[in-house]
Amino acid sequence: MRISPIHLDADTAGVLRRDLPIIASAFVPTGGALVWRIGAQAVLPAFLAFALLASALVVCDARLMRLPDPLTLPGYPLLAALLLIPFDRDAYLRALFAMAAAYTVHLVLALCGVGIGLGDAKAAGLVGLVVGWLSWAALGQALVSAYVCVGLYAIGLAVSRRAGRGSVVPFGPFLLGAAVLVLLVRGT
């Protein structure tokens with residue numbers, strides 16, 4: 001029997017079920033801040049969907065040390081469809097190119113074995129799609145912020161001796177958190 005790529009495995013389903021209050025407590029204030037910041041603009045549904053997806057992915061990455069395909073892969077067509085609502089051709093094309101660029105760069109990093117996983121590459125594509133809709137500069141800000149923050153976190157772990165040379169730090173929370181922060185700060 002073949003399992004579809006959007007089938008939730010038991011671990012992911014368990015995390016989503018068990019940690020639903022944490023996901024909700026992350027999404028509700030973020031969603032409220034997005035509504036307050038962006039208002040009733042046509043891009044709001046895409047940003048809210050991304051914030052909800054990011055909340056679930058952050059919890060999964062923190063708990064399971066992976067960003068599950070059943071969450072990332074359906075995000076692509078969903079967000080691509082929602083970003084069509086504003087009907088801004090230039091922003092939409094930029095979002096598609098930013099998605100491809102962010103995914104490709106992170107895929108190459110994952111294949112080179114530099115600490116980025118394939119799930120991170122897929123999440124980077126989602127970040128490129130949504131944040132790229134705003135601008136190339138916004139995407140750059142999100143990616144640079146994510147790398148700086150994960151680097152500082154790793155240094156903090158090393159200095160406090162809570163992590164060693166072979167320790168793994170999940171990148172998804174930093175990548176997705178930086179993207180949501182850029183959405184909040186930059187708005188539209």
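Tutor: Helix α6 (residues 118-134) gives the most to the lining of the second largest pocket, namely 4 residues. This is a predicted model, where local features need pLDDT of at least 70, side-chain atom pairs count only at pLDDT 80 or more, and totals for chains, interfaces and linings use all residues. Residues are numbered from 1 along each chain as its sequence is written, and side-chain values use heavy atoms, with hydrogens and water left out.

Student: What makes α6 a helix?

Tutor: Helices are DSSP runs of H or I with at least four residues, strands are runs of E with at least two, and numbering starts at the N terminus. Residues 118-134 form helix α6. The chain has 8 helices and 0 strands. From the N terminus the order is α-α-α-α-α-α-α-α.

Student: What makes the second largest pocket a pocket, and which residues lie nearest its centre?

Tutor: A pocket is an open set of points on a 1 Å grid over the protein atoms alone, where a 1.4 Å probe fits, with protein on both sides within 12 Å along at least five of seven lines; lining residues have an atom within 4 Å of a point. Here 15 residues line the pocket, and Asp61, Met65, Arg66, Gly117 and Asp120 lie nearest its centre. The volume is about 190 Å³. A volume is the space filled by probe spheres set on the points, which are joined across faces, edges and corners.

Student: How do you know how many of these lining residues are charged?

Tutor: Asp, Glu, Lys and Arg count as charged; Ala, Val, Leu, Ile, Met, Phe, Trp, Tyr, Cys and Pro as nonpolar; the others, Gly among them, as polar. The second largest pocket's lining has 5 charged, 7 nonpolar and 3 polar residues.

Student: What does the largest pocket hold, and what lines it?

Tutor: The largest pocket holds about 360 Å³ of space. Its lining has 15 residues, with Val150, Ala154, Ser167, Val168 and Val169 nearest the centre. By class, 11 are nonpolar, 3 polar and 1 charged.

Student: Why is Arg66 called partly exposed?

Tutor: Buried means under 20% relative accessible area, exposed means over 50%, and partly exposed lies in between (1.4 Å probe, protein chains only). Arg66 has 31%, so it counts as partly exposed. Arg66 sits in the loop between α3 and α4. It touches Asp9, Asp11, Thr12, Cys60 and Asp61, leaving out residues up to four places away in sequence. Contact means heavy atoms within 4.5 Å.

Student: Why is Thr72 called buried?

Tutor: Thr72 has 0% relative accessibility, so it counts as buried. Its place is in helix α4 (residues 69-82). Beyond neighbours within four places in sequence, Thr72 contacts Leu57, Leu67, Lys122 and Leu126.

Student: Does Ser55 count as buried or exposed, and why?

Tutor: Ser55 has 7%, and therefore counts as buried. Ser55 lies in helix α3 (residues 44-64). Not counting residues up to four places away in sequence, Ser55 touches Ile23, Ala26 and Phe27. Across the chain, 43% of the 188 residues count as buried.

Student: How do you know whether the radius of gyration agrees with that of a compact globule?

Tutor: The radius is taken over C-alpha atoms, and the globule rule is 2.2 Å times the number of residues to the power 0.38. With 188 residues, the rule gives a value near 16 Å; the chain has 16 Å, so the two agree. The C-alpha trace spans about 50 × 40 × 30 Å along its principal axes.
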